[in-house]
Amino acid sequence: MGTNGYAKTYADSVEDPEKFWLDAAGLIDWDVAPRQALDDHGAPLYRWFPDGQLNTSFNALDRHVLAGRGDDTALIYDSAMLDTQRTYSFSELLAEVETFAGVLHGQGIRAGDRVVIYLPMVPEAVIAMLATARLGAVHSVVFGGFAAAELAARIDDARPDVVVTASGGLEPKRRVEYLPAVAEALETAAHRVRSVVVASRDGFGHTAEEYDGAGGTEWADWAKLAETAEPQGPVSVAATDPLYILYTSGTTGSPKGVVRDNGSHAVALAWSMRNIYDIAPGQVMWTASDVGWVVGHSYIVYGPLIAGAATVLYEGKPVGTPDAGAFWRVAAEHRVEVLFTAPTALRAIRRADPEAALLAGYDVSKLRTLFAAGERLDPETFRWASESLGIPVVDHWWQTETGWAICANPMGLDPQPIKAGSPTFPVPGFRVRIVDGSGTEVAAGSEGNIVLDLPLPPGTLATLWGSDDRYRASYLEAFEGSYATGDSGYVDEDGYVFVMGRTDDVINVAGHRLSTGAIEQAVAKHPDVAECAVIGVRDSLKGQRPCGYVVLKAGSTATEQEVQSALADLVRKQIGPVADFRDVRVVEALPKTRSGKILRKTMRQIADGDDFVVPSTIEDRSVLDDLMPLLRPGT
Ligand code: COA
Ligand code: AMP
């Protein structure tokens with residue numbers, strides 16, 4: 001527990017951010033300590049700690065070893081899929097990272113070069129990320145549930161020299177072979193990758209040797225390269241140099257490359273580990289997410305390790321691997337103190353085990369707090385989790401762009417009373433306001449656009465990869481002086497923030513952020529499709545699921561069932577299985593405004609059973625009326 005309470009800490013952070021963040025910078029080991037916190041020369045693009053120098057992997061590994069904690073646990077790999085576990089101490093993980101940094105160095109990777117990492121939830125993912133950081137290079141991790149086309153789009157944007165992958169990933173019902181997908185991505189991408197490094201896993205059908213030359217690229221085996229690799233030390237980089245690019249869905253089909261720097265990222269995460277998560281060196285944090293998402297970057301890999309804590313890397317699902325007690329088993333076996341997961345995972349457990357009867361079989365007495373993020377923690381799931389576990393269940397709100405929580409209950413400062421459905425208060429450094437469409441602040445309790453005043457605190461995105469203009473246009477132009485979160489919500493009279501949903505076409509399916517625009521682009525590739533609208537509708541398990549309304553070309557003889565299965569396949573191939581695109585209806589026409597814009601928002605409101613207003617600009621009201629029973633059966 002910190003010495004200052006939340007209110008005082010928050011006030012300090014906004015009244016004197018320079019002092020606040022320079023103090024926080026003391027949590028990090030610098031090669032050159034920063035004397036300045038904020039650099040506003042490029043406003044509205046800001047940089048933090050412009051004169052600082054450090055290495056992020058040194059902060060995650062070496063400094064704990066140098067402090068005599070080399071034998072302490074750093075990484076616990078628990079695979080429910082293989083029924084195996086493996087633990088790495090800080091010294092062991094450091095040795096692996098030094099060696100793999102040697103492999104990357106041998107492949108020509110130097111500071112500033114990009115490395116794309118397409119790996120399942122195996123220790124190699126953590127090792128590859130830290131090894132890239134060790135060289136001062138920039139990683140871009142691509143979630144294993146994305147298809148080859150999405151991987152290719154990221155390769156073309158990030159322009160990596162090396163792709164690191166594995167033979168495949170394990171899903172409950174199948175083995176996912178990665179190498180054919182990587183080869184396909186390399187063949188479709190315009191950018192030429194120098195080499196592919198493959199971590200081989202038993203039981204998969206393909207090897208690096210077999211693919212050597214595919215996509216005009218050299219393919220080599222991780223273990224073989226490691227035999228002759230020269231271990232590499234940490235390369236000192238500027239705090240403002242990029243650590244990683246992480247692509248996220250925007251409103252268009254082309255993903256946005258969120259750029260995170262080295263220095264402010266390390267400072268923000270170290271600060272958050274103490275003050276939000278209340279985790280100290282030697283304690284165990286388990287974030288049940290995937291390294292392909294921001295939550296995985298921040299709280300499977302960097303946050304816990306920078307803080308000198310142990311982190312759990314779980315390869316498995318909340319249910320079915322083998323049952324809904326999986327989370328309680330992992331928490332008990334690894335003496336987890338803080339668990340962080342997505343509400344959809346809690347709903348899946350609840351659905352399979354409504355009374356949480358399986359909890360009785362495990363000793364989870366070490367567990368102090370359950371954190372949830374990725375989507376709003378609905379009050380019912382909140383109550384179920386709180387009552388089942390008897391510990392604080394903390395919703396906290398953030399985005400890929402911010403890299404850490406915007407609103408949270410600061411468990412390491414002074415925990416605040418929890419209100420169901422709210423992620424509590426703004427985190428120190430974030431200035432949250434609710435505004436109407438013209439940027440005017442609305443009254444307490446009224447819903448509006450959630451904006452964050454500039455500059456954003458350390459740890460948030462520096463820009464979008466390769467395009468400051470796109471960063472400005474996507475986030476900074478809608479409300480001058482503020483960053484537009486794309487979320488809507490309200491602040492109640494007590495100052496609690498409530499985040500209710502997106503104002504754009506981004507949807508959240510089982511914790512996976514997707515763009516309906518990208519799904520529409522995939523659907524439009526079908527030769528029989530004339531027009532389509534994809535909307536995200538509420539789903540009791542996944543939070544949201546995509547539903548498509550499709551108009552067929554004149555003369556098409558395809559049945560609705562044929563269209564459904566063809567489009568499900570197409571979206572699976574173009575975007576990935578996680579899009580879970582199964583709800584497709586063939587319709588006569590789509591409701592539009594007179595200027596031809598499809599009324600997606602109105603359609604979504606009807607489907608969700610919310611209040612809706614039909615825009616006065618609607619072209620033909622009867623089209624909407626005809627669609628009504630399909631959108632909301634029973635109307
Ligand atoms: N690689 C390849 N395929 C993957 C994948 C990966 N990394 N992750 C998911 N998939 C596949 C699944 O196998 C499934 O394929 P199928 O249609 O052939 O069965 C499909 O994508 C949909 O999977 P998923 O979204 O996981 O849905 P589900 O119905 O299988 O499981 C949950 C539902 C709630 C149990 C599961 O989504 C879950 O654990 N969600 C939490 C996600 C999370 O933590 N996100 C991080 C946000 S902080
Ligand atoms: P991602 O970038 O994948 O982390 O997704 C970010 C989006 O998920 C946010 O903009 C919100 O729409 C939603 N989100 C994440 N966490 C929460 C939360 N705790 N409450 C409400 N919405 C959330």
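This is a predicted model: local features need pLDDT of at least 70, side-chain atom pairs count only at pLDDT 80 or more; totals for chains, interfaces and linings use all residues.
Let's start in a loop: Pro455 sits between strand 24 (448-453) and strand 25 (463-464).

## Positive phi values

Move along to the loop between strand 2 and strand 3 (53-54) and you'll come across Phe49. Phe49 isn't a glycine, yet its phi is positive, at about 55°. Is Phe49 buried or exposed? With a relative accessibility of 0%, Phe49 counts as buried.

Ala356 is another non-glycine residue with a positive phi, near 50°. You'll find Ala356 in the loop between helix 13 (343-352) and strand 19 (369-372). Its relative accessible area is 8%, so Ala356 is buried, given that the cut-off for buried is under 20%.

## The overall picture

Now let's zoom out. The protein has 19 helices and 32 strands. Its radius of gyration is 24 Å, close to the 26 Å that the globule rule gives for 635 residues, so the protein is as compact as a globular protein of that length. Along the principal axes, the C-alpha atoms fill a box of roughly 75 × 60 × 55 Å.

How much of the protein is buried? Of its 635 residues, 59% count as buried. Among the contacts with a separation of 6 or more, 69% come from residues 24 or more positions apart. The accessible surface is about 24,100 Å², and carbon and sulfur atoms make up 48% of that. As for charge, there are 56 positive and 85 negative side chains, and the centres of the two sets lie 2 Å apart.

Helix 1 (residues 6-15) has four names to look for: Tyr6, Thr9, Tyr10 and Ser13 are its buried residues. They span an arc of only 100° around the axis, so they sit on the same side of helix 1. On the face turned away from that buried side are the exposed residues Ala7 and Glu15. The cover over the buried residues includes helix 2 (17-24), helix 10 (263-275) and strand 22 (425-426).

In helix 19 (residues 621-631), the buried residues include Val623, Leu624, Leu627, Met628 and Leu631. Looking down the axis, the buried residues of helix 19 fall within an arc of 150°, so they line one face of the helix. Strand 30 (529-539), strand 31 (543-552) and helix 18 (600-608) are among the elements covering them.

Methods
Residues are numbered from 1 along each chain as its sequence is written. Chains are lettered from A and ligands numbered from 1 in the order in which they are written. Side-chain values use heavy atoms; hydrogens and water are left out. Helices (H or I, at least four residues) and strands (E, at least two) are DSSP runs, numbered from the N terminus. The radius of gyration is taken over C-alpha atoms; the globule rule is 2.2 Å times the number of residues to the power 0.38. Buried means under 20% relative accessible area, exposed over 50%, partly exposed in between (1.4 Å probe, protein chains only). Contact means heavy atoms within 4.5 Å. Accessible areas come from the Shrake-Rupley method with a 1.4 Å probe; for residues, only the protein chains shown count as cover. Lys and Arg count as positive and Asp and Glu as negative; His and the chain ends are not counted. The place of a charge is taken as NZ of Lys, CZ of Arg, CG of Asp or CD of Glu. The arc is that of the directions from the helix axis to the C-beta atoms.
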